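Dear colleague,

I am handing over the structure we spoke about, with the sequence alongside. Please look through it first, and then read the notes that follow.

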Amino acid sequence: MTAKLSGAQKIALAALGLLALASLAAGWIAPSYAEQFREFISAPPSARFPLGTDELGRDRFARLLYGTRVSLLLAPAAALLSTLIAALVGGTAGYIGGWWERIVTSGIDLFLSLPWLFLLLAVRALMPLNTSPVTSVILTFLLLGCLGWASPARIIRAGTRSLVDSDYLVQARACGVAPARLFWRHLAPNLGPILAAQFWISVPVFILSEANLSLLGLGVSEPLPSWGGMLRELENYSAVLENPWMLAPAGLLVAAVICLQLLLRTEDAIPC
Amino acid sequence: MLRVLLRQIRKILITVILGGLLGATLVRMGPGFGVDEREVDSRLSAESQQAIRAERAAENNIALFYLRYLEGLGHGDLGVSRSLNRPVSELLKERLPLTLAALAYGVLGGISIGFLLALLTVAWQRRGTDVIPAVLSGLCLAVPAAVIALLFVWMGAGCRWAIALVVFPHVYRYSKNLLVAAFQSPHVIAAQARGLSSVRVLFAHVVLPAAPQLAALAGISVSLAFGASIPIEVVSDTPGIGQLAWRAALERDLPLLVNLTVLIALMTLIVNSVADLALASRRQA
Amino acid sequence: MLKNTLTLLLGLTSLAWPASQLRFTLRAEPKTFDPLLVDDENSETISYLTSGVLIRLNRYTQELDPELAAKWKVLENGRRIDFELRQNVRFSDGTPFDCEDVQFTMRRLMDPALHSPAGDAFRSAPGAVETRCTGPYSATVRFPGPVAALASQFDHVGIMSARSARKEAAVLGPFMVAQYKPGQFVLLDRNPNYWKKDANGRSLPYLDSVRLEIQQNRELELLRFRRGELDMVNKLDPEMYDRLSAEMPRTVVDAGPSLDSELIFFNQTPNAPLPEYKRRWFRSAAFRHAVSDAIHRDDLVRIVYKGHARPAVGPVSAANKFWLNMALKPPAYSLSGALEELQRDGFHRSGDSLLDREGHKVEFSMISNAGSKVHERMLTLIQQDLAKLGIQLNVLTLDFPSLIERIARTFNYESVLMALTNVGLDPNDQMNIWLSSADNHQWNPNQKTPETPWEAEIDKLMLAETASQSAQQRKNYFDKVQQIVAEQAPMIFLVNPNALSAVSPNLKNVTPALLRPQIYWNVERLNLASGYVSKK
């Protein structure tokens, strides 16, 4: 079921679209994110540098545009991966039930309790020395995607279970509908909104995971910018108070996530 | 019910033991294991350097290490932290209360705020009523946990409520979806048509049937809360379990990491089991 | 009646008057309270504040001061040292101090099973160290081989009690550990039996206690200092220094270049998992010189250190006036000079890239430790500098264990940016870096025989330096070592950061020094302006 977009959702979609377009056009709008203008260290905003320069004389606006690419394009990829894995694991567990469900639930719990932050540390340390920053950030997001399926899987399992126990499905089974048809015709379409909801919830989670990793010093390699990497400047709070344009990455991240949230429509998130 | 309970306890025990072993293996096989920063101390002689490397030799055989660990666990001996040179049991005793308190604030606070907002949104079914909660939850969802912690630090406030701000958006979103779905189900429409009061409809026919699925959130909230506690405690320098876990990971402190893995697994499993039991009891009913 | 009232009022006032407590931070948990096992900065801080030593290196004058040893004499070409101990000194628990304690400490220090870093500094030759008491207050320590700068090594040896039941808790320093709350703080109380008195005969220390808050986060530390919750910040980042300087100019202290340096080195290990052509690059002195010339040290100083650093000359900082080879100057930035060196070595430009004689694009990685903003910024600046030569530098920050594993065990690295921390002035502390057979000869450790003539020459000079007892002769040897290092550039020294700290104006008698600990080296004489001076 695809309902009409509300006014707020149209604005959100337009904003995200504009952001994505701007990041893709970064090469034309602001050619270099890595060039250091060493005579303009921590410069305030000007016509040449709309958001000023950072502590190494790099154009913050350019870095923000290129950083948007990293966060806005890779996070959905990671979210898609984690949702697909979650759908497979959680969906089958909820549908089949019984011993399989028990094994999967235990597996999910086991997975959730392992020290995955350590795995991220380890993968970073194991990467070949001359891995380009782009490759390393793609690998990081893919890894986040592979690690992020457990929580959504739990919710998808609960949702699937609920659907399987619902009246209409019970009735369909009683009428002798074949399992395959039952799954594809009656269950899958109603799982769709749950999966879509999980996808849209996961996107900001992965954007934020990258930000948290950057704040812990495990973020994207230089010179590639990312929202998370730029958020590290916020540790210097007195500088932020004096130079409020340093909040631009935080503002953009918050705006993007809010737009994503608004796009997650209630009626699409529940079975009908 | 008793059989289900016993089965859950057995499941928890097996999963915890497996989790500890897997966690230990992960650390043992990871890069930098067995390395000591003293190896780059130019004051130390070659013999001392050799001795330092030999200190950790006992941890190289992970199966043996884990068996010894389980044996010690049976006697209440959790081993000694390499990085802090102190018994793990002492470290946990000191730090657990802090983190548990923060988690309690965080999970209970997050669930309460999230669920309350969802309830209000759904009960007051007007166009645009979900805008403010959506923006609030979006804001909290959008700000990384570490930045939330930074904000609390700047304000000179304790970080107990930081976890709640991380948890509540997830709870809000999921609860709202569930409650809206429940509201639109035929039996609720029928109840409303029969003239039942909106309060009775809301609690007896909307909230109650959705309760088991809401219980599933509890487990996720604990995992979320614990996941958030690491960056929050690291950024705010709170001497809790999260900071200890981060330190243990950075220093490849195997005894500490294994114990923390077992502890987190236990906590997560207990909470999830409670949720599963609730779901099972609903199915039975 | 009046007298009683006045006494009562005075007593009440003294109770109400806050005891003077110095507050600063430790960056992490101390790993040990045993002064002989101290190996990390935080444990060293506690040891400095609580341990008594025989001889103290005065951090300000850089001369040796008598402490528990009232007199000493170095004999037999550095193989023997005779001490005359101070009398009527007691440990904090009242146990008397005498030669037996020195004997016990030295025996324990030199126990091979202990692996004490302070003990290793005395191991110049195989064989046992003998400590004899020629009287209750006279001690003779004999070593199997000559020990360079023998007397100054005792600055790191905290004397332990042979008889006290309290073991390491019984101390001879100005303070003693009163409370330790892991993760939170260490509280040190005044040692009531501390032997030192000031010129007026008043017992030292002036302070009643020292509270060391365990605080890893530097921003939080600065915040607390601003709020007056801390009395000093012993090591400030350059950025924080500037911030604080703008807000509280009276509190910041820039003591000039420290003894530390930032450096890079290339992997020259023969069995490293590197392509052969890269090994050839790294083993070429011309290549290393070109890289050195292409790095803009002045920009590193200006941008990363905000001017609070100096371009480095070599392994010895400008602060170490005696040991610095004055004939050497920091390499000048010269892109053209760098290109010339490379061309002479068979490299050539092709478009934006630099190629070697076989046509391989010059691309390599540089690793450093994660979590250090200074290193991250330096890496980024160096990346841009080398890009001007056509060199593609890939930078990667790793957590410390992974970094050490690559440098010290697997040798799976290409180049490294790291800091060299010098605790003392004597180049003997760097012996394990310069000796080709040593573990810490970073670029190519544990050589059975020196692989290059210049490394053989450095070995010869360092061994001669350590055997000599003449300061000038030792300096001559080490000057030559510095010359060779400048010529061959196995380690490319970049900058010497300044010693930056912050001190509350309430803290009196502060005389910032270059050597660590810069601010509280004379802790027994520090006092707080608003504090109450103990009359005990």
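**Helices α3 and α4 of chain A**

In chain A, the residues Val89(A), Thr92(A), Ala93(A), Gly94(A) and Ile96(A) of helix α3(A) meet Gly98(A), Trp100(A), Glu101(A), Val104(A) and Thr105(A) of α4(A), where contact is taken to be C-beta atoms, placed from the backbone, lying within 7 Å. Helices here are DSSP runs of H or I with at least four residues, strands are runs of E with at least two, and both are numbered from the N terminus. The residues of this contact divide into five nonpolar, four polar and one charged; Ala, Val, Leu, Ile, Met, Phe, Trp, Tyr, Cys and Pro count as nonpolar, Asp, Glu, Lys and Arg as charged, and the others, Gly among them, as polar. The axes of α3(A), which covers residues 60-96, and α4(A) come within 7 Å and cross at roughly 145°, with axes fitted as lines to C-alpha atoms, for helices over the stretch in contact, and angles running from 0 to 180 degrees between N-to-C directions. The crossing of α3(A) and α4(A) is left-handed, a term used when the near helix is turned anticlockwise from the far one by less than a right angle, with right-handed used if it is clockwise.

Before going further, please keep in mind that this is a predicted model, in which local features need pLDDT of at least 70 and side-chain atom pairs count only at pLDDT 80 or more, while totals for chains, interfaces and linings use all residues. Residues are numbered from 1 along each chain as its sequence is written, and chains are lettered from A and ligands numbered from 1 in the order in which they are written.

**Where the chains meet**

The contact between chains A and B takes 45 residues from chain A and 52 residues from chain B. On the side of chain A that touches chain B, α4 (98-113), α5 (116-126), α7 (150-164), α9 (179-215) and α12 (248-263) each supply at least two residues, and by class this side has 33 nonpolar, eight polar and four charged residues.

Chain C also touches chain B, with 32 residues of chain C in contact with 29 residues of chain B. Helix α13(C) gives the most to the side of chain C that touches chain B, namely eight residues, and that side has eleven nonpolar, eleven polar and ten charged residues.

**Chain C**

Chain C has 16 helices and 22 strands. Its radius of gyration (taken over C-alpha atoms) is 26 Å, close to the 24 Å that the globule rule gives for 536 residues, so chain C is as compact as a globular protein of that length; the rule is 2.2 Å times the number of residues to the power 0.38. Buried residues make up 51% of the 536 residues in chain C, where a residue is buried if 20 or more other C-beta atoms, placed from the backbone, lie within 10 Å of its own, exposed if 12 or fewer, and partly exposed in between.

Four strands of chain C form an open sheet in the order β1-β10-β9-β8, with mixed pairing, and two strands are said to pair if DSSP finds at least two bridges between them. The edge strands are β1 (21-26) and β8 (175-181) of chain C, each pairing on one side only. Within the sheet, β9 (residues 185-190) and β10 (residues 209-214) of chain C pair in the antiparallel sense over five bridges, and Phe185(C) stands opposite Glu213(C) in β10(C). Helix α2 (residues 41-50) of chain C lies across β1, β8, β9 and β10 of chain C and runs at about 140° to β8(C).

Which strand of chain C is largely enclosed by the rest of the structure? Strand β19 (residues 415-420) is, because five of its six residues are buried. Six bridges join β13 (residues 261-266) of chain C to β19(C) in an antiparallel run, whereas two bridges join β17 (residues 363-369) of chain C to β19(C) in a parallel one.

By contrast, strand β6 (residues 130-135) of chain C is hardly covered, the count of buried residues among its six being zero. Strands β6(C) and β7(C) form a hairpin with two residues between them, and five bridges join them in the antiparallel sense.

With best regards

Definitions and conventions. Two residues are in contact if their C-beta atoms, placed from the backbone, lie within 7 Å.
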